[in-house]
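Welcome! Please take a look at the sequence and the structure below, and then we can walk through a few of their features together.

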Amino acid sequence: MAVRHALVLIVLSLYTAFAAGPFVWAAMMSLRTTTEITADHFALPDPLHWEKFPQAWFTSNYQIYFTNSLQVVLAAVAILTVVGAMAAHCFARYRFRLNRIFYFVIFSTIIFPPQITIISLFQILVQYGLYNSLVGLTFVYVAIQLPLTIYILESFFARIPADLFDAARIDGYSDWEIFWRVSLPIALPAVATTVILNFILLWNEFLYAVVLITEEEKRTLPLGIQRFMGDQLEDVGMIATGLMIAVIPVIAVYAFFSEKLIQGMTAGAVK
Amino acid sequence: MREAMPAKRHGGLRQPWGTITAFLLPALTVYAAFTAYPAFRTLWNSFHKVLPRREEFIGLANYTELLQDEIFWRAVRNTITWACISPLVEVTVALLLALALYARIPGARFFRIAWFTPVLMSYIVVGILWVWIYNYDWGPINVALRALGLGGLARAWLGDPDTALPALIFITSWMWVGFNMVVLLAALHSLPKEVIEAAELDNCGWGAKLVFVVLPLVRATLLNLVVLSFIGKMKIFDLVWITTKGGPLWATETVSTYVYKRAFEWTTFDLGYPSTIATLWFVIVLGAVLALTRAFRLREKLEY
Amino acid sequence: MLAFLARLTLAVVGLSVLTGPTHAQQKELTLWTHWAAEQIKRDYVEAAIREFETKNPAIKIKPTWYEKTALYAALKTALRAGQAPDLFYAEPDQVEYMENGFLLDLSDLNWAAIEPWAKQAWTYKGKPYGFPLEAWTVELYYNRKMMEELGVAVPAALQLTPDAFLDLVKKAKAKGWTPMALGVGDRPFPGAHLTHEALLKKLGTEDYDKLLKGKLAWTDPRVVDTLKYVRSLTAAGLLPATFTSLKLGEAHTYFHTNPRALMFLNGSWYTSRAFNAPDKGGQPVDFALGIMKFPNVPGAACADCRTIAVGGSYVGNADTKHKKEVIAFLNSFATVEKGNEWLAKVQVQSGIKSDPAKLTGKAADYFKMIAATNAGATYYFGIPIQVMQGKPKEVFTQIINNAFPAGSIGVEDAAKQLQAAAN
């Protein structure tokens, strides 16, 4: 038994090194200069070049990219949460003729390949003056994450016992109050999941951004990294620093909320 | 999968249309404006030549050209290969790891976080990292091969038409195994303990326990993960774009990259032809997903 | 119905969109340009902007520096969206800009100061559309010291015979060197130089032109013979193992710094990177640069035929609100004086008329070498991807730039696929 345990542990450790290794390697390179890296690609950082972080931040417009990403993603996540929760609540709680049809139509969008909308979104946003604007990108982000958000929330709302609503109604709650004071608080774990999930997915989004944004001042982080990589050419050390700046917020979000995320996400996928 | 929901739904007799509209309108508006309308417009585009200052109806010309477009079919082949191999690899490896972890290994929490990191990084970051890992001169893979005296196997992994696609598929597997594993682990933990303990009491072998007890219980989760992975790979763009841009010799061209190239990179400004690709591809994806769910349903029926 | 709905919402949404602060300055011209990583060219352009702004205080030029791929991607969408800058970088292969009426007619430019062939490269349906700042030839650079160490003397005519060149490659390889630094990691053309220069010599300008325009078959025996010769070079280990992923900037340092290659086939804009400071990717101070002609090929119709191309140019946006100012700005470059300054600073040929004889120092030496390899040359204007369009261009790039030199496609197969795409 002990032998088997040890064996399992070894396999797991190996896999862990494999899964986390590239990240650790990049983290190490982010603290080394390119000259040091060229000399030995796998050495430990010594001394630690922390100054590379402010350097990447201030000299390469990272500041701009970061703020843009933060604006777009936070706004999109906020809108998504409210709009998605309202719709999910409605789908879960009210019985009406078109309920399942609407729900199915929205839900089935999950399988849409992005190409089916991206070219015409480009044309449409141009027409309405929302092309190359963070506002336009925010709306698009809301649209692409809406089906998943509604799906996760609806399945959670649907499990809230109906008696609770009846009681609330007898207490004189209006429809809106029932949503705001009963449904949402109970569904908080699921809401948290969608918030975190949407944050991570949108923070990393690239395809829509690359088509819908052209100006330097409006680039989001993934576009910024791509740009940064082009500019730096073979400056591996500096690129590694840039990558770390992009990854750290997501890792932080995950580290704080990992339990919630996994709970909610698995609740959606497991069932 | 879903419990009998309508029964639980609040079943008032009246249909408060005002309230329903108020709740649904924002979502439906966003959906109509940024999903439904663009999708129809793409369909409309596909019958036109769409140049910056003029549009011209050309009927099915784009479609007939597309059917003979070798690069397109190459891209379709690559994408479907990717979408078929990835789910199998990811879910299988993830299941094995989840089973190992289920055996209450010390430090499970740490492992779980470490394995999740790849998913958290964007494809852009992952792509840049793996370009380094596959680097011919100093990438860890070739360095390790040379250290083991297998220098002959070292190659430019992303530059060789034979290895480029497998190399990219490998990256996505590396990324997503952790995610699948965490989900499966949760599924395993949510199983009634008695069932597994009962199987253990019955002195069931490890393999038998897996096949006869555990697998059927987590099947729904497995299928969900397979479909999720499949859909994800049918969309893949970022990773290819940052690493190979579809090269060498179209070995890693996916439908997404080809559409992007034709729409925004080729020396034509025509948006009609890429819209045609998108439309046809949409039909293919839809068919594939329907077939996939149908196949699973069929098996469900056969087994019960 | 859906369209209407979408319009309606978007109109509502549109009201809430915060428009950016309106430009207070009287006239600001925006300029999007390549050369983010090429400091020398950047300095030249920035100096010219400052000069122009001092002379015209009412006009401000606001440049944004890009890497080429990012610039092209941004322009393609921005032009369509009507949000392109007033001025931008372009190369004459981008015929689609002119086909779709995106470029400003530059007939009012001071063309007297521009080389006629450079104007020709930018002429579309009788009107000129681009200001040809940069012109270049494909040059075969080599490391003099390594060549001496190898005991090979470059002949006075500067051109090796096909056999002598193959022999040179083998010798260098036997020494454990990379004979030629070249990489296609981030550009669609460096690998193709090898084959197109060979094809041009073999066919002569006329038939070569036919080949690129689909009027001569890729399966023509002369073409196949040339491909075979090029294959014999690559099979002898001409290119680095990292060829497919090596980026242009990296290929430069590969040649002159680390690990060092005997030769480097590149546009004459080699200088824009190599003449930077060594810690900025430039060649070492003591580097002994040599230039020779591209080797002859077996049965060549025209041993002195070679490519000259108009490269980086500035064009105006057809929709600009400041047409006069755009032309005034470009005209501030269009003088022989500015041409000479370009030559001296950037050390690449220019489409502006200039006089290399006036140069001094390092630049003078460099241009003497360029002049020597170009003596008696018959030029073909433009590299293939500037001449080809659409699918033939895509297939040419994938095969001739990438897979063929990398050795991952055979001669016959390559010819067949190229021919299939040309039809």
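## Two packed helices in chain C

Helix H16 (residues 390–406) and helix H17 (residues 411–422) of chain C pack at an angle of about 165 degrees, and their axes lie 8 Å apart. Here axes are lines fitted to C-alpha atoms, for helices over the stretch in contact, and angles run from 0 to 180 degrees between N-to-C directions. Because angles over 145 degrees count as roughly antiparallel, H16(C) is roughly antiparallel to H17(C). Helices are DSSP runs (H or I, at least four residues), numbered from the N terminus.

Which residues of H16(C) and H17(C) meet? C:Lys391, C:Pro392, C:Val395, C:Phe396, C:Ile399 and C:Phe404 in H16(C) are in contact with C:Ala414, C:Gln417, C:Leu418, C:Ala421 and C:Ala422 in H17(C). Contact means that C-beta atoms, placed from the backbone, lie within 7 Å.

## About the model

This is a predicted model, in which local features need pLDDT of at least 70 and side-chain atom pairs count only at pLDDT 80 or more, while totals for chains, interfaces and linings use all residues. Residues are numbered from 1 along each chain as its sequence is written, and chains are lettered from A and ligands numbered from 1 in the order in which they are written.

## Two domains in chain C

An automatic or database assignment gives chain C domain 1 (26–134 + 311–354) and domain 2 (137–309 + 368–422). Their centres, taken over C-alpha atoms, are 29 Å apart. In chain C, 18 residues of domain 1 touch 17 residues of domain 2. H2(C) gives the largest share of the domain 1 side, three residues.

## Where chains A and B meet

This contact takes 74 residues from chain B and 69 from chain A. On the chain B side, helix H2 (residues 17–45) provides the largest share, 16 residues.

Technical notes. Two residues are in contact if their C-beta atoms, placed from the backbone, lie within 7 Å. Angles under 35 degrees count as roughly parallel, over 145 as roughly antiparallel, 65 to 115 as roughly perpendicular and the rest as oblique.
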